[in-house]
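Welcome, and please get your viewer ready.

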Amino acid sequence: MSRSLLIVESPTKAQTIRRLLGENYEVVASQGHVRDLPERGLGVRIEKSGEIYKFIPLYQPLPKKLEAIQKIREALYQASNVYVATDEDREGEAIAWHLCELLGIDGTKPVRIAFHEITKRALEEALKVPRSLNFHLVEAQQARRILDRLVGYQISPLLWRTFARASKRKSALSAGRVQSVALRLVVEREREIAAFQASPSIVAEITIQSSPVFKALLITPTFHSTEEGEHLLKQLVGRQLRVHNLTKKRRRRSPSPPFTTSTLQQEAQRRLGFSIRRTMQTAQNLYEKGLITYMRTDSVHIAPEALEAIHSVLGARFSPEVVVTRTWEEKRSLHAQEAHEAIRPTDPFVEEAGDTPDEKKIYALIWRRTLASQMADAVYEETIAHLIPDPPSITPLPEFQAKGRILVEPGFLSMYGYTTDEEEAAPLPPLERGDLFSWKELRIWEKYPSPPSRYTEGTLVRELEERGIGRPSTYVPTLENLFKRQYVERATVRVARQPYEEILITPTGEVNRQRLFPSPEVQKNKLVPTSLGTQVMDFLMERFPDIMDYDFTARVEEELDQIAAEKLDWQVMLSAFYTHFTAELRQAASSQKRSHLLGVDPLSQKPIYLHVGSRGAYVARGEKGDPDYHTASVPTTLSPNKVCLEKALQLLSFPRVIGNYEGQLLTVRSGPYGYYLHHGGKNYPLPPHSDPLLLTEAEAIAIIQAHRQKAPSVLRSFPEAGIQILNGRYGPYIRYQGGTCALPKGIPLENITLEVCQALLQAKVQGRARRRSKQSKRQ
């Protein structure tokens, strides 16, 4: 008996569908894409007729998929009907079209079925209404693929010629339409941080003696220095504080919508610490196992039948007033390329699902978020108290404000909760207008604003989405390319905090002044551009301003949406893009001038040049061969386009004294390998994101402290022999007269005597001598 054939992408998806549909259907997997543009060469034939270009992609079967294609062909010969059941987004539609082209299936006939969840009901409904291929979705996906190939394959050779020495592998350099714009965001944020100049504000906080103790911040007047604050607030000694005004308000906090692709990526990183690739791979597994709906979507809609099931689950757990029917406003593109429903559990009655720890965590996150989206607001009661001195005879009169709140109705928080970065304000004690309180401490200090925060993977995705750049299916490959090309690193960053003045006043009038040096703030999983990434970004910004323009990239995405919506011809769109792009390409190829005269040094009367080399930009005083020829590299935090004569002279003026630490000068110097910090006879390299022109004393101290923490600790010492056992990055080792020797693994530290160390050092010397003897014999 012949059976109907269903073709899907993955073996896991095939296994799930086979289990749900039974023996009447044969389900086979293509294992992803089956055709693509060739790896070598442009892979697109470009024909020109007048001023119009035509693009013909030269697709080839993927060699690794030939066996899978042959199995599908064999199953096709024995099938009574065939259905292509790839994912319902543009990429899935394109895979379906490639399968039809390879297998000789007529895509104009009803051979395509689509569903956004793998359940028996969804599959049966899809099989009742098969359709033909949506060729407009296919054209939109082809246009995206050709655009990316045109940009990548025609700009990348320019990068190879320019930065071949700066990269270990020429092939590691590449440009991409969305990738390069994402790189621009990361680099520009780094430069914002480097250029950030903080001016302190003066903050005063008083600790009120009560049960429980609470604190109040000074709201008026404002001070310009801690001394000014001390002069006024010392008058509080011997006085109490009276509650001058008291207000209570109810505030509501609404749940967030159910997950889209980008919000799932952001929340999984924030709550679980998952990278976006880890999140999407886990979500893909859950979808293919039939546990959640399709995971590439920009919709927050929930189907009516799913809403009914969600309300049933909530009704069994909570009182009726907690269950609320919510519909969310769609913030979608003109014709969203992805699924038409939010990411949600296929069966809301299943609270725990998944086979691996990652799957269980992501499923639990999706389940809680989906149910919480249909619950009532959380309600807080916020109390704001204003306190003034009693008696109020100080001029100007200081006024303090204390805030507190309590959770009155948990609403959706009883399901979704909140994380540590959403800490709630502590409640105030019972207060009434006119209450008098003593105080136990008054603190006045300088508060410096924080610089802009570096992107994480999640916040970069959010920024791309808000700017309309890329789509849910492009975020993972975009970031992976930035890491793969070594343009961006995922790093733990130590952010220096400014030293500040603090004054403490006690109720007895005792005043304690001190200058504090706070520890650097440790920020994990931050995206930091490499020197190579910064140079590539500057190169592309100078030669391809439109490709790197945020609005231009967003307009291209809108045009791809218009193609999918049948409002724009894909060949017309590609032709218009390519006409403009080739003009920039020709100009960039002819613009190979690598040096620029900035002016003349007013002191030496030598010319000052800006050069762009394979390892980045640098400035030079004089010509090569001059006795006084001097160079200085341009920091990656500074765009070469913004280097003027004044800035070049600053760069050539190093070393620069920036402060004093531990009784010795802190100096920034310039060397052949870049800028470094000098202190106490030792040199410390500057982090890639540090600007040597703007480096502060606090940042320099943080760099020194970080290097000292990394220094190997002494585990054991034999001073009579000049031998030390240190704990290094790769484990304990011996140091003797500037040389080192690794310790064998498994030997307890207490068993390592002086004699053992000497024997190991002697064995290393003998081994080196034997190797030299063998080398000399070969020669």
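A word to settle before we select anything: a residue is buried when its relative accessible area is under 20%, exposed when that area is over 50%, and partly exposed in between, using a 1.4 Å probe and protein chains only. Keep in mind that this is a predicted model, where local features need pLDDT of at least 70, side-chain atom pairs count only at pLDDT 80 or more, and totals for chains, interfaces and linings use all residues. Numbering starts from 1 along each chain as its sequence is written, and side-chain values use heavy atoms, with hydrogens and water left out.

**Stop one: aromatic rings**

Select Tyr-53, which counts as buried because its relative accessibility is 14%. Rings of Phe, Tyr and Trp (its six-membered ring) pair if their centres lie within 6.5 Å; planes under 30 degrees apart count as stacked, over 60 as edge-to-face and the rest as tilted. By this rule there are eleven aromatic pairs. Tyr-53 and Phe-55 make a tilted one, with 6.4 Å from centre to centre and 35 degrees between the planes.

Now select Phe-552 and Phe-577. Their ring centres are 6.1 Å apart and their planes lie at 25 degrees, so this pair is stacked. It links distant parts of the chain, 25 residues apart: Phe-552 belongs to helix H16 (residues 550–564) and Phe-577 to helix H17 (residues 570–590). Helices (H or I, at least four residues) and strands (E, at least two) are DSSP runs, numbered from the N terminus. Phe-552 is buried at 16% relative accessible area, and Phe-577 is buried at 6%.

Which residues do ring pairs link into a cluster? Select Tyr-53, Phe-55, Phe-544, Phe-552, Phe-577, Tyr-578 and Phe-581 to see it.

**Stop two: strand E12**

Select E12 (residues 399–409) together with E9 (residues 214–220): these strands pair in the antiparallel sense over three bridges. Two strands pair if DSSP finds at least two bridges between them. Here Thr-220 stands opposite Glu-399 in E12. Look for Glu-382 opposite Arg-405.

**Stop three: charges over rings**

A charge sits over a ring if NZ of Lys or CZ of Arg is within 6 Å of the ring centre and within 35 degrees of the ring normal. Select Arg-271 with Tyr-416: the arginine lies over the ring face, 4.1 Å from the ring centre. Finish with Arg-443, whose charged end sits over the ring of Trp-445, 3.8 Å from its centre.
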